[in-house]
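Here is a short briefing for a first look at this structure. Keep the sequence and the 3D view side by side as you read.

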Amino acid sequence: MKRLRLTYRPAALADLDSIFDFIEADNPTRAASFVDEILSRCGALGVYPELGPVRHDLGVGIRIYPMFGRIVVAYRVDEDAVQVIRVFSSGQDYATILTDGDTPL
């Protein structure tokens with residue numbers, strides 16, 4: 001099975017930083033390990049890019065991959081890469097955020 005390259009858009013990296021910052025206030029060690037867990041799970045998308053369902057209503061080719069009951073990863077697959085677009089947490093309204101035009105898809 002071909003492994004696809006995994007890339008992160010700047011907005012996704014900023015989301016991961018925000019998740020880290022939020023948790024770090026109470027538990028710096030857990031903040032680092034939780035972001036590492038998210039990155040590890042995202043790594044599976046390189047092997048299994050169709051893990052998340054396609055959500056064309058959110059943008060052409062957008063897929064959604066929920067994890068840990070409170071994280072939602074929005075991503076897109078092309079011929080040789082999986083591009084993580086955003087990483088949403090704690091009940092953010094990802095559908096509205098993705099369709100409001102502020103997130104470059």
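## Pocket, sheet and helices

The largest pocket holds about 230 Å³ of space. The model is predicted. The points below start with that pocket, then turn to the sheet, the helices and the salt bridges.

**The largest pocket**

- Lining the largest pocket are 13 residues, and those closest to its centre are Ser18, Ile19, Phe22, Ser89 and Ser90.
- Three elements, α1, α2 and β4, each give two or more residues to this lining.
- Helix α1 supplies the largest share, with five residues.
- Sorted by class, the lining has six nonpolar, four polar and three charged residues.

**The sheet**

- Four strands make up an open sheet.
- Their order is β1-β4-β3-β2, and the pairing is mixed.
- At the edges lie β1 (5-8) and β2 (62-67), each of which pairs on one side only.
- On average, neighbouring strands of the sheet are turned by 30° against each other, with direction ignored.
- Strands β2 and β3 (residues 71-77) run antiparallel, joined by six bridges.
- Across this pair, isoleucine 62 stands opposite arginine 76 in β3.

**Helices on the sheet**

- Helix α1 covers residues 10-24 and packs on the sheet.
- The strands that α1 touches are β1, β3 and β4 (81-89).
- The direction of α1 makes about 40° with that of β4.
- Helix α2, residues 28-47, also packs on the sheet.
- Its contacts take in β1, β2, β3 and β4.
- The direction of α2 makes about 135° with that of β2.

**Salt bridges**

- The count of salt bridges comes to four.
- One of them joins the side chains of arginine 86 and aspartate 15, at 2.6 Å from N to O.
- This pair links distant parts of the chain, since the two residues are 71 residues apart.
- Arginine 86 sits in strand β4, while aspartate 15 belongs to helix α1.

**Where the topics meet**

- Helix α1 and strand β4 touch each other.
- Both also contribute to the lining of the largest pocket.

Terms used
Residues numbered from 1 in each chain as written. Predicted model: local features only at pLDDT ≥ 70, side-chain atom pairs only at ≥ 80, totals over all residues. Heavy atoms only, no water. Pairing = 2+ DSSP bridges. Axes fitted to C-alpha atoms, helices over the stretch in contact; angles between N-to-C directions. Contact = heavy atoms within 4.5 Å. 1 Å grid on protein atoms, 1.4 Å probe; cavity = no way out; pocket = protein on both sides within 12 Å on 5 of 7 lines; lining within 4 Å. Points joined across faces, edges and corners; volume = space filled by probe spheres on them. Nonpolar A, V, L, I, M, F, W, Y, C, P; charged D, E, K, R; others polar.
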